[in-house]
Protein chains: 2
Amino acid sequence: MAEINFEIVEHVVVLSEGNKGWKKEVNLISWNGREPKYDIRDWAPDHSKMGKGVTLSEDEMQILLRAFSNKS
Amino acid sequence: MAEINFEIVEHVVVLSEGNKGWKKEVNLISWNGREPKYDIRDWAPDHSKMGKGVTLSEDEMQILLRAFSNKS
């Protein structure tokens with residue numbers, strides 16, 4: 001499997017904690033040196049392993065936030 | 001592969017549109033008849049196929065929204 005380089009630029013928030021200390025987190029992550037994106041994903045303690053997740057660009061995150069601010 | 005039943009309870013917002021009309025969407029979805037959760041995922045046109053994504057409970061979504069409202 002090809003190696004994936006990533007750098008967690010900013011820890012935004014922990015959404016929940018699940019089995020064996022895995023946490024669902026929102027982070028700002030640069031993948032393979034590219035422009036950082038928001039990332040919602042499960043992580044093992046100390047970020048040694050990651051689960052599946054989605055990445056959102058700044059624009060996508062703003063659209064999400066605006067949609068929910070209009071809902072409430 | 002086992003069948004997954006889901007019902008899109010609410011279309012919240014389209015975040016972006018990508019290749020071949022696939023869209024990254026936020027929906028409120030009930031999976032296998034369970035309590036609906038927020039779901040961020042890529043979808044083919046007419047929702048005939050889905051990509052990978054994450055589901056967020058109401059609590060997790062509220063934590064996310066609060067984190068970003070405190071950021072700005």
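**Two chains and where they meet**

**View 1. The meeting of chain A and chain B.** In this predicted model, 23 residues of chain A are in contact with 23 residues of chain B, where contact means heavy atoms within 4.5 Å. Residues are numbered from 1 along each chain as its sequence is written, while chains are lettered from A and ligands numbered from 1 in the order in which they are written. Local features need pLDDT of at least 70, side-chain atom pairs count only at pLDDT 80 or more, totals for chains, interfaces and linings use all residues, and side-chain values use heavy atoms, leaving out hydrogens and water.

**View 2. How the copies are related.** The same surface serves both copies, as 100% of the contact residues of chain A recur in chain B.

**View 3. The area hidden between the chains.** The size of an interface is often given as the accessible area lost when the parts come together. Here chain A and chain B bury about 2000 Å² between them, with 73% of it on carbon and sulfur atoms; the area is found with a 1.4 Å probe and summed over both parts.

**View 4. Salt bridges across the interface.** The rule finds 2 salt bridges between chain A and chain B, each a side-chain nitrogen of Lys or Arg within 4 Å of a carboxyl oxygen of Asp or Glu. In one, K24(B) pairs with E60(A), the closest N and O atoms being 3.2 Å apart. In another, E60(B) pairs with K24(A), also with the closest N and O atoms 3.2 Å apart. That pair runs from helix 1 (residues 58-71) of chain B to strand 2 of chain A; helices (H or I, at least four residues) and strands (E, at least two) are DSSP runs, numbered from the N terminus.

**View 5. The annotated domain in chain A.** UniProt lists residues 19-66 of chain A, in an unreviewed entry, as "domain: Transcriptional coactivator p15 (PC4) C-terminal"; such annotations may be inferred rather than shown by experiment. The end C-alpha atoms of this span lie 32 Å apart, and the span is 19% helix and 48% strand.

Notes: Buried area is the accessible area (1.4 Å probe) that two parts lose on being put together, summed over both.
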